[in-house]
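Thanks for coming. I have one structure to go through today, and I will keep it brief.

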Amino acid sequence: MRGNLTGQRYIDDILRQNVGPFLNGLPGAIFKQDNARPHTAKVAQDFLRHFQTLPWPARSPDLSPVEHVWDQLKR
């Protein structure tokens, strides 16, 4: 993806094209995302109000294993 990911671009390029149709095909599915700025933008939150989402508290540990690898490499 070229350029910055804004909240609106997140909706247009990711949520509307991929996530929405996928979740609509899985009744009862819960969508999880982290607190990245595009994810927490008001426009993105408004779009996602139609889906069940998992709350992600600020400063919570990252559940993605590769993030722990990147952290170790930085150190």
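I will take the first helix, then a glutamine in a loop, then an aromatic pair. Keep in mind that this is a predicted model.

Start with α1, which has 18 residues. Its end C-alpha atoms are only 21 Å apart, whereas a straight helix at 1.5 Å a residue would reach 26 Å. Where is the kink in α1 centred? On Leu-15, and the kink is about 60°. Leu-15 is also one of the buried residues of α1, along with Gly-7, Tyr-10, Ile-11, Val-19, Gly-20 and Leu-23. What do these buried residues pack against? They pack against α2 and α3, the latter covering 42–48.

Next, Gln-33. This residue sits in the loop that runs between α1 and α2, that is, between 7–24 and 37–40. Is Gln-33 buried or exposed? Its relative accessibility is 12%, under the 20% cut-off, so Gln-33 counts as buried. Its side chain makes a polar contact, at 2.4 Å, with the side chain of Tyr-10, which is itself among the buried residues of α1. A polar atom of the Gln-33 side chain also lies 3.4 Å from the backbone oxygen of His-39. Beyond four places in sequence, Gln-33 is in contact with Tyr-10 and His-39, and also with Gln-45, Leu-48 and Trp-56.

Last, the aromatics. The structure holds one aromatic pair. The partners are Phe-47 and Phe-51, with ring centres 6.1 Å apart and planes at 40°, so the pair is tilted. Phe-47 is buried at a relative accessible area of 17%, and Phe-51 counts as buried at 18%.

That is what I have; questions are welcome.

How values were computed:
Residues numbered from 1 in each chain as written. Predicted model: local features only at pLDDT ≥ 70, side-chain atom pairs only at ≥ 80, totals over all residues. Heavy atoms only, no water. Helix = DSSP H or I, 4+ residues; strand = E, 2+ residues; numbered from the N terminus. Buried < 20%, exposed > 50% of the residue type's maximum accessible area, 1.4 Å probe, protein only. Polar contact = N/O pair within 3.5 Å; in protein donor to acceptor, adjacent residues only side chain to side chain. Contact = heavy atoms within 4.5 Å. Expected span 1.5 Å × (residues − 1). Bend = angle between axes of the 7 residues up to and from the residue. Phe/Tyr/Trp six-rings, centres within 6.5 Å; stacked < 30°, edge-to-face > 60°.
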